[in-house]
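Here's a quick briefing to read with the structure open beside you. Take a look at the fold before going on.

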Amino acid sequence: MNDPKVIVALDYDDRIAVERLLSNLTPGECRVKVGKELFTHFGPDIIKYIQDSGFEVFLDLKFHDIPATVRKACKAACSLGVWMLNVHALGGREMLHAAREGVGESNHKSKLIAVTILTSSNVKDIHQIGLHGELSENVLRLASMVHDAQLDGVVCSAQEASIIRKVTNDEFILVSPGIRPSGVQNNDQKRVLTPKEALDNGANYLVIGRPITQAENPNRVLQDINRELVNRI
Ligand code: C5P
């Protein structure tokens, strides 16, 4: 598969579980996401293991710090050869530019995206930290800022994808979690879309965790999703 749309979230604290899952999946049919938990446990070694197994990595560490630190952290992440990495848009314009520079300084040009507002936040939470207005206004303002700073895209809920697309352009990458194949449990995700609905809304990549990682046969679930996506027109 040329450019697989599914990014499997490796939300594990156990290396054996990662090895077992990857041996069941086919490289080229998905990418994988390494977050703070797995990376804090196993560090760059686990990235290397995953890449040696043939999978591309989205390093989801959501950097948010002073610009100079974020620049160096992004450069360091690129040196691991990851396919994609991310920062927090709330770090501000200068920090986003510094992140862009850090990627530019590395020989490996990883894709750089930003988180706008975490979907775990509600309107009360964002007012508490001093933001005003509706959640969607804040998401759109931050997504425009990320686009202006020439990052490659944002993480967003698939519900927001079509409105973000309108204030950015066709090349801007939208990565959406909160995806559930039809007939699968929602777990703790509240507003979910199916893989097909998410791509139809304008998402480019889908982060999917438990529906794949906790399935009896993860590869079969992945194949079913990929088949649904290929046949979606
Ligand atoms: O198991 P599930 O498919 O819900 O996993 C989704 C993954 O996407 C998890 O790694 C979760 O932390 C992440 N995520 C999310 N919602 C966001 C951002 C990231 O569920 N807004």
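What follows covers one leucine and the strands around β2.

This is a predicted model, so to speak: local features need pLDDT of at least 70, side-chain atom pairs count only at pLDDT 80 or more, and totals for chains, interfaces and linings use all residues. Residues are numbered from 1 along each chain as its sequence is written, and side-chain values use heavy atoms, with hydrogens and water left out.

**L21**

- L21 sits in helix α1 (residues 15–24); helices here are DSSP runs of H or I with at least four residues, strands are E runs of at least two, and both are numbered from the N terminus.
- L21 counts as buried because its relative accessibility is 4% (buried is under 20% relative accessible area, exposed over 50%, partly exposed in between, with a 1.4 Å probe and protein chains only).
- Beyond its neighbours within four places in sequence, L21 is in contact with V8, L10, Y12, T213 and P218 (contact means heavy atoms within 4.5 Å).
- P218 is 197 residues from L21 in sequence, yet their C-alphas are 7.4 Å apart.

**Strand β2**

- In β2 (residues 31–35), 5 of the 5 residues are buried, so the strand is largely enclosed by the rest of the structure.
- R31, K33 and G35 point one way, V32 and V34 the other.

**Pairing**

- β2 pairs in the parallel sense with β1 (residues 6–9) over 3 bridges and with β3 (residues 57–63) over 4 bridges (pairing takes at least two DSSP bridges between two strands).
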